[in-house]
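This report looks at the aromatic contacts of one protein model and at the surroundings of its ligand. The sequence and the structure come first, and the description follows.

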Amino acid sequence: MPERFDAIVIGTGQSGPPLAHRLTGEGLRTAIIERKRFGGTCVNVGCTPTKTLVASARAAHMARRGEAFGVMIDGPIRIDMQRVKARKDAVVRQSNEGVTNWLRNMPGLTVYEGHGRLTGPHTVHVDGKRLEAERIFLNTGTRAYIPDLPGLDQVDYLTNASIMDVDYLPEHLIIIGGSYIGLEFAQMYRRFGSRVTVVEKGDRLIARDDEDVSATVKDILEGEGAEVRLNAQCLGVARQDAQVAVQVRCETGTPQILGSHLLLAVGRRPNTDDLGLDAAGIESDARGFVVVDDRLQTSVPGVWALGDVNGRGAFTHTSYNDYEIVTANLFDDDTRRVTDRITAYALYIDPPLGRAGMTERQLRESGRKALMGKMMMTRVGRARERSETQGFMKVLIDAETQRILGAAILGIGGDEIIHSLLDVMYADAPYTVIQRAVHIHPTVTELIPTLLGDLRPFE
Ligand SMILES: Cc1cc2nc3c(=O)[nH]c(=O)nc-3n(C[C@H](O)[C@H](O)[C@H](O)COP(=O)(O)OP(=O)(O)OC[C@H]3O[C@@H](n4cnc5c(N)ncnc54)[C@H](O)[C@@H]3O)c2cc1C
């Protein structure tokens, strides 16, 4: 006999646990299934550990720069990677235990540890048991995509998950993939003291962003001694004694790089390959992401997909917002939708990039008449006071409606400052609201009104 529930949640990423809390709060008998660690990617092998490591790397960087601030450290700066990892583990443990205890002690919730697989539109198998529910929620997330590279079966490689166990300093870390995950690790390990080479097959880093952003990010990384090899179209790897050889065969530069360790950071794949989507009749796209509508319902009534697995977002905040959308529609008579969401994300190199809305390329494609303001961080007093003047701020405005269409803040505090623009975008207010605001001195944000007072036609 199947065990009957009102709702089953598969996966405990960023939407599963709050969703379980709401479902049980609504009096629904709920089951939640997790096959690995409670809290999923962000808590265990994503945001939390990487940002903790980024903080250690920044401490190392600032210690090395001490002299420029008149802080003399008489002796070499030494990085103890075991301590770096222990600090990271402690922060992760706290978050992981928080989610674990929350779920285990949630009234009305039954927790299953094991792989959940759909066997029909309303049935799930886990750990030899058959569960049944009218409502099923998929929050199974993604994992590192392992590309089909020639020679990959002959070499050891790291992913964002396995690099979390590293408690030593790789002598030369080669990172394949010049996007968000790869670049955070690149700067971090360079600051820890590794030689680092980023290999990217495209002609620039973080290609979904604007060219000026990509170029400045490259300058920042190269300025710290990381090497960047672009246009690596014909990638391959091979073992060479104790080293790993990465064939890049770029048009320029040496055709091969030798390193001590290899990190693959070339994207993510959805955890749907063994989820039983076919058995349940749930539609997925060519890459395996679950197809959902604007309210996150799958092609099967009574089944929803939330978080990265639906391909509509790839961030913790988008996954959490998915939980808000689903519960608003189910319980609050509030028709929240995915398309209400404004694109926003950050790249946590130092200084960070905060992004909101459209890029210049998207704006050009839209054909809208627009204005643009741009200011280099060298003009920002707060940045000069901190001797951290890399980067720029850029804002795109609709010339007719005066609405902010997009922004990129690449510079100190960029991950926070972007919200002053994002919130005005959500308020659907004209940019003049911020332009006339009086901001606190001395901050980076105080220059946003100045920047908005100096707009030029966007060509
Ligand atoms: C290195 C790295 C850094 C990142 N940094 C950031 C950042 O700074 N900011 C940000 O917003 N985002 C960041 N992300 C992305 C972020 O981690 C994800 O967007 C976020 O975790 C949302 O994921 P999710 O809710 O879709 O599911 P996930 O967090 O991926 O969790 C899914 C869970 O489902 C479980 N599961 C899967 N299949 C099954 C099954 N069949 N049965 C049972 N359980 C199953 C998995 O074990 C996992 O625990 C980062 C990602 C990585 C890899």
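## Aromatic pairs

Six aromatic pairs are found in a search of the whole structure, where rings of Phe, Tyr and Trp (its six-membered ring) pair if their centres lie within 6.5 Å, and planes under 30 degrees apart count as stacked, over 60 as edge-to-face and the rest as tilted. One of them is the stacked pair of Phe137 and Trp304, with 4.9 Å from centre to centre and 20° between the planes. This pair links distant parts of the chain, since Phe137 belongs to strand β6 (residues 129-138) and Trp304 to strand β16 (residues 303-305), 167 residues apart; helices (H or I, at least four residues) and strands (E, at least two) are DSSP runs numbered from the N terminus.

Phe137 counts as buried because its relative accessibility is 0%, and Trp304 also counts as buried because its value is 8%; buried means under 20% relative accessible area, exposed over 50% and partly exposed in between, with a 1.4 Å probe and protein chains only. Elsewhere, Tyr180, Phe315 and Tyr345 form one aromatic cluster.

## Basis of the model

The model is predicted, and local features need pLDDT of at least 70, side-chain atom pairs count only at pLDDT 80 or more, and totals for chains, interfaces and linings use all residues. Residues are numbered from 1 along each chain as its sequence is written, while side-chain values use heavy atoms, with hydrogens and water left out.

## Charges over rings

Arg29 lies over the face of Phe5, at 4.5 Å from the ring centre, and Lys374 lies over the face of Phe392, at 4.3 Å from the ring centre. For such an arrangement, NZ of Lys or CZ of Arg must be within 6 Å of the ring centre and within 35 degrees of the ring normal.

## Ligand surroundings

The ligand is surrounded by 39 residues, of which Glu34, Thr41, Lys51, Asp308 and Ser319 are the closest; a residue is included if one of its heavy atoms lies within 4 Å. At least two residues of this shell come from each of β2 (30-34), α2 (40-45), α3 (47-64) and α8 (316-331), and α2 supplies the largest share, four residues.

Ligand oxygen atoms lie 3.2 Å from a polar backbone atom of Cys42, 3.2 Å from one of Ala314 and 2.9 Å from one of Thr316. Taken alone, the ligand exposes 1000 Å², and the protein buries 94% of that, with areas from the Shrake-Rupley method and a 1.4 Å probe.

Definitions and conventions
A polar contact is a pair of N or O atoms within 3.5 Å; within protein, one must be able to donate a hydrogen and the other to accept it, and residues adjacent in sequence count only if both atoms are side-chain atoms.
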